[in-house]
Amino acid sequence: MFLLIICGFILSNTADVSCYDSDYEAIRGGWIKPHKVMATWFDAVEQCNKEGALLASPINEDILNHMISIIGTNGHTTPYFIGNNANIKSGLYVSLEGVPLSNMPVISMIEVLDPRAGPCMVMDHKMLLSVVSCTSRRPYMCYKARDDHLNMTECGTFDKKYIRSLKTGSCYKYHAEKVNWVTAYETCINEGAYLAVLNDNKEQISVRDFIWDQNNSGAEYVHIGLLEWKVGGPWFSVHWEPFEKIYNRGFIQSELQSHVGNCQDHRGVLSATGKVSYTKDGSSNLNAYQFICEKDPTYIRFPLDNMLQGKLMIKENAPG
């Protein structure tokens with residue numbers, strides 16, 4: 001719910017962006033997660049990819065049963081997009097894993113399909129499949145297959161680029177690519193993290209050292225999780241904590257100010273000198289910078305079952 005509120009406000013004026021997040025459910029052979037915010041088929045595929053998963057298809061009985069359960073929750077009947085599509089060859093419906101429709105357990109439920117209705121497929125709570133336009137908007141599910149070669153780090157993720165700080169207890173990942181603030185925000189959310197929030201001077205120094213010393217960054221600025229509430233309004237973290245509260249608590253060095261009469265939205269950045277500053281128009285690529293994501297190590301997107309708990313890998317070379 002917390003991330004739903006944050007995403008809904010920050011990206012309310014950004015078209016076709018879905019950053020809503022919740023835990024994946026562990027099932028036999030992998031993890032599955034419903035997205036109730038509707039999207040086109042192509043946007044659904046992209047969103048699942050950003051989360052390290054695929055748009056789900058009923059490729060076996062276990063996945064099918066969980067998909068049916070999710071679709072029919074609370075008596076809902078809205079059909080969901082599935083990964084099966086014929087975008088490469090008309091009439092040849094194949095999952096994103098490469099499994100043809102003829103090899104799936106739902107094949108017996110299909111009487112006829114007319115490819116002229118569209119190259120994408122939906123499934124309802126009764127296992128009925130139909131073909132539709134890919135540009136229609138539907139709910140969907142993401143599925144990640146289990147890979148025993150992946151190891152969960154102490155940051156609660158398979159992404160080894162997240163490094164835990166012994167000073168702050170949080171995990172951080174530096175992104176060297178330059179993007180605007182909104183894209184940086186979305187990227188962090190899709191990784192199960194958030195744009196870094198500097199809670200005190202200790203964290204400010206630690207993050208500054210992590211970016212410019214340990215990662216040898218040549219960046220002048222990096223995006224962080226601060227935003228101006230409205231034109232001339234107060235500054236908040238992406239956790240909706242007033243910046244004045246953080247400033248008074250942690251004595252953060254800052255160059256922030258309110259911008260009365262300026263219609264551009266402003267977003268927070270951290271400079272190479274270690275000071276918190278700002279950039280104009282968070283959705284403009286003219287203000288593209290590198291960025292840093294912060295992750296709570298107790299948040300685990302893909303929860304481990306007992307069989308995999310023993311594979312937990314602890315990094316000993318954590319940053320200071």
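**Disulfides and the packed interior**

C48 and C142 are joined by a disulfide, with an S to S distance of 2.0 Å, in what is a predicted model. The torsion about this S-S bond is about -80°, so the disulfide is left-handed. The pair links distant parts of the chain, since C48 sits in helix α2 (residues 41–50) and C142 in strand β7, 94 residues apart, and both C48 and C142 are buried.

A search of the whole structure finds 4 disulfides, among them the link of C120 to C134, with an S to S distance of 1.9 Å. Here the angle about the S-S bond is 90°, and the link of C120 and C134 is right-handed. C120 belongs to strand β5, whereas C134 lies in the loop between β6 and β7, 14 residues away. C120 has a relative accessible area of 0% and C134 one of 4%; because buried means under 20%, C120 counts as buried, and so does C134.

Another disulfide joins C188 to C293, and its torsion of about -85° makes it left-handed. C188 lies in helix α4 and C293 in strand β15, so this pair ties together parts that are 105 residues apart in sequence.

Definitions and conventions: Residues numbered from 1 in each chain as written. Predicted model: local features only at pLDDT ≥ 70, side-chain atom pairs only at ≥ 80, totals over all residues. Heavy atoms only, no water. Disulfide = S-S within 2.5 Å. Helix = DSSP H or I, 4+ residues; strand = E, 2+ residues; numbered from the N terminus. Buried < 20%, exposed > 50% of the residue type's maximum accessible area, 1.4 Å probe, protein only.
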